[in-house]
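Let's take a walk through a protein model together. We'll look at its pockets, and then at a pair of helices.

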Amino acid sequence: MTTIKDRQFKPEKLFQPRDFVQPILSDSQYLEIGAGKGMHAMQFAEQNPSKHLIAIERTRGKYDVFAERSKTLGLRNLTAIHADAIPWVVHALPPQSLDGIFLLYPNPEPKNSSQRWLNMPFFEFLLSRMKPEATIILATNIKDYADEAEQLAKEQWQLPVKRLQVATDSARTHFEVKYLARGEVCHQLELTKPKGYQTAFDRWQQGNAQA
Ligand SMILES: C[S@@+](CC[C@H](N)C(=O)[O-])C[C@H]1O[C@@H](n2cnc3c(N)ncnc32)[C@H](O)[C@@H]1O
């Protein structure tokens with residue numbers, strides 16, 4: 001049977017995103033992928049002044065709204081990035097650099113399950129960029145997506161998982177507000193990278209030959 005790891009991720013094939021700037025990373029570094037208009041990112045940065053968040057959004061219109069609002073707020077611990085997160089992560093982040101990752105209401109990719117985050121070979125690369133005991137918070141309004149991600153986390157990626165139902169008065173993102181207002185149940189998974197966890201990319205860093 002073909003597993004996700006058999007579809008090899010090849011970071012060396014990915015071009016640097018347009019207008020790429022190498023970020024200065026913090027000792028307490030968080031990453032949000034698919035930040036939309038940045039509602040969660042701005043809340044997080046305001047509430048966690050000692051943590052730095054890089055929040056990436058690929059869609060130009062949403063990113064522009066996010067960038068404009070975050071500029072107005074002047075949050076020094078928030079960096080908004082307009083890019084596809086996959087090549088950006090490959091070019092920007094060394095191994096074991098992240099304390100936490102947010103994947104809040106990712107596109108469900110109903111017709112293309114191989115594009116869901118835990119189903120992608122890139123996910124192993126993303127795990128390699130996390131410090132031991134760092135966490136991924138994944139939220140979705142689609143029960144099947146949460147079920148699949150929970151199963152993949154446990155069986156494919158060997159990650160401990162905590163699952164909970166998002167509180168009905170939670171308001172972290174525009175999509176969360178919309179789904180909860182419609183009375184939908186939102187699911188959250190917290191995945192932890194165990195100490196001693198190994199990936200194929202633990203020594204891979206842009207600019208260095210593959211170790
Ligand atoms: C369903 S929206 C959710 C937005 C926001 N997190 C929220 O909950 O309101 C998913 C977002 O992820 C972004 N996205 C999807 N794949 C991405 C990628 N590879 N890199 C950056 N952003 C991505 C899309 O552009 C879209 O804005």
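Helices (DSSP runs of H or I, at least four residues) and strands (runs of E, at least two) are numbered from the N terminus. What you see is a predicted model, where local features need pLDDT of at least 70 and side-chain atom pairs count only at pLDDT 80 or more, while totals for chains, interfaces and linings use all residues. Residues are numbered from 1 along each chain as its sequence is written.

Start with the largest pocket. Strand 1 (29-33), helix 1, strand 2 (52-57), helix 3 (85-92) and helix 6 (174-181) each give at least two residues to its lining, and helix 6 gives the most, with three. Sorted by class, this lining has 17 nonpolar, eleven polar and eight charged residues. Here Ala, Val, Leu, Ile, Met, Phe, Trp, Tyr, Cys and Pro count as nonpolar, Asp, Glu, Lys and Arg as charged, and the others, Gly among them, as polar.

Now hop over to the second largest pocket. Strand 3 gives the most to its lining, with three residues. The classes here come to eight nonpolar, one polar and three charged.

Finally, how do helix 1 and helix 2 cross? Helix 1 passes helix 2 in a right-handed crossing, meaning the near helix is turned clockwise from the far one by less than a right angle. Contact (heavy atoms within 4.5 Å) is made by Ala41, Met42 and Glu46 of helix 1 with Phe66, Arg69, Ser70 and Leu73 of helix 2. Those contact residues split into four nonpolar, one polar and two charged.

Conventions
Side-chain values use heavy atoms; hydrogens and water are left out.
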